[in-house]
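Please examine the sequence and the three-dimensional structure shown below.

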Amino acid sequence: QVERMLGCKIESEKCVEIITNLGFELVGKNEIGEVRNYFNKGIGALNFLAFPILVAILLLAHDAVFLVFQRGEFTSEATAMVSTALIFLSFGIIPYVFRDCITRIYYAFNDSKTPFLIAVSSIILKLLFNFLLVNRLGIGGITLSTTLVTLINATLLGVLLRKKMDMQFGVYFKNIAKTAAASAITYAVCLIAYNSFFVLDLAFKFKDYAKYPITIFTSVFRFI
């Protein structure tokens, strides 16, 4: 639901559909180089969308949950718990995009068995991670385990695909490193700006509060 709300899942499905159709066509023509080319272009476009979403969640998770949900029995503790879970889940956006795209490459090679077996093993791994993390992190452990399982799933799909074709993932990692660096800079700038406005807001509030001792002192002086 979070992914659909942010638009990432909808755009991902559109791009994945294009990759799937092109994959079937190009594999049928044995144009493996073009498969790799369109894969890198498609996943690059999705990462260009996914990283800003990740940055936005890291910056605004607590405030967004507070604004939308915190009322009545939904206390500040619940807000902190849900925002933490959301942050853990947000790190799964990047491997989620990779997993969905590369799974379609398997389908283009008429191989649905490998993704299926990896998905089944991921369910078992998810149970293990839940057992290890939920007692320590609560609801955050559930979302963190989801992110870890998605990452492992994507990694296995990428490694095993080498048996069918050389994807040259160096290009992918180079592009994702650039996008991640730009996103990290954006996050740092936004965080500094946010903290600066927060400090400035406190300064104005302190200025207002400082009037009260002065008023009291003036009243006492006039009384005397």
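A residue counts as buried under 20% relative accessible area, as exposed over 50%, and as partly exposed in between. His62 has a relative accessible area of 41% and is therefore partly exposed. The model in which this value was computed is a predicted one.

His62 belongs to helix 3, which spans residues 32-69. Leaving aside residues up to four places away in sequence, His62 touches Thr79, Ala80 and Ser83.

The view may now be widened to the chain. Of its 224 residues, 33% count as buried. Among contacts between residues at least 6 apart in sequence, 75% join residues that are at least 24 apart. The chain exposes about 14300 Å², and carbon and sulfur atoms supply 69% of that area.

How confident is the predictor in this chain, and where is confidence lowest and highest? The average pLDDT is 76, and 73% of the residues score at least 70. Confidence is highest in helix 7 (residues 139-160), with a mean of 91, and lowest in helix 9 (residues 211-223), with a mean of 38. Over residues 1-7 the pLDDT is below 50, and this stretch has ten contacts in the model beyond near neighbours in sequence. Residues 199-224 also stay under 50, and for them the model has zero contacts beyond four places in sequence.

A further feature to inspect is a pocket. Rolling a probe the size of a water molecule over the atoms shows where empty space is left. The second largest pocket has a volume of about 220 Å³. Which helices each supply at least two residues of its lining? They are helix 5 (93-108), helix 7 and helix 8 (169-209). Helix 7 gives the most, with five residues.

The lining of this pocket consists of Ile94, Pro95, Phe98, Leu151, Ala154, Thr155, Gly158, Val159, Arg162, Phe169, Tyr172 and Phe173. By class, nine of the lining residues are nonpolar, two are polar and one is charged. Helix 7, the main contributor to this lining, is also the helix in which confidence is highest.

Technical notes. Residues are numbered from 1 along each chain as its sequence is written. This is a predicted model: local features need pLDDT of at least 70, side-chain atom pairs count only at pLDDT 80 or more; totals for chains, interfaces and linings use all residues. Side-chain values use heavy atoms; hydrogens and water are left out. Buried means under 20% relative accessible area, exposed over 50%, partly exposed in between (1.4 Å probe, protein chains only). Contact means heavy atoms within 4.5 Å. Accessible areas come from the Shrake-Rupley method with a 1.4 Å probe; for residues, only the protein chains shown count as cover. pLDDT is the predictor's confidence in each residue, from 0 to 100. Helices (H or I, at least four residues) and strands (E, at least two) are DSSP runs, numbered from the N terminus. On a 1 Å grid over the protein atoms alone, a cavity is a set of points where a 1.4 Å probe fits but cannot get out, and a pocket is an open set with protein on both sides within 12 Å along at least five of seven lines; lining residues have an atom within 4 Å of a point. Grid points are joined across faces, edges and corners, and a volume is the space filled by probe spheres set on the points. Ala, Val, Leu, Ile, Met, Phe, Trp, Tyr, Cys and Pro count as nonpolar, Asp, Glu, Lys and Arg as charged, and the others, Gly among them, as polar.
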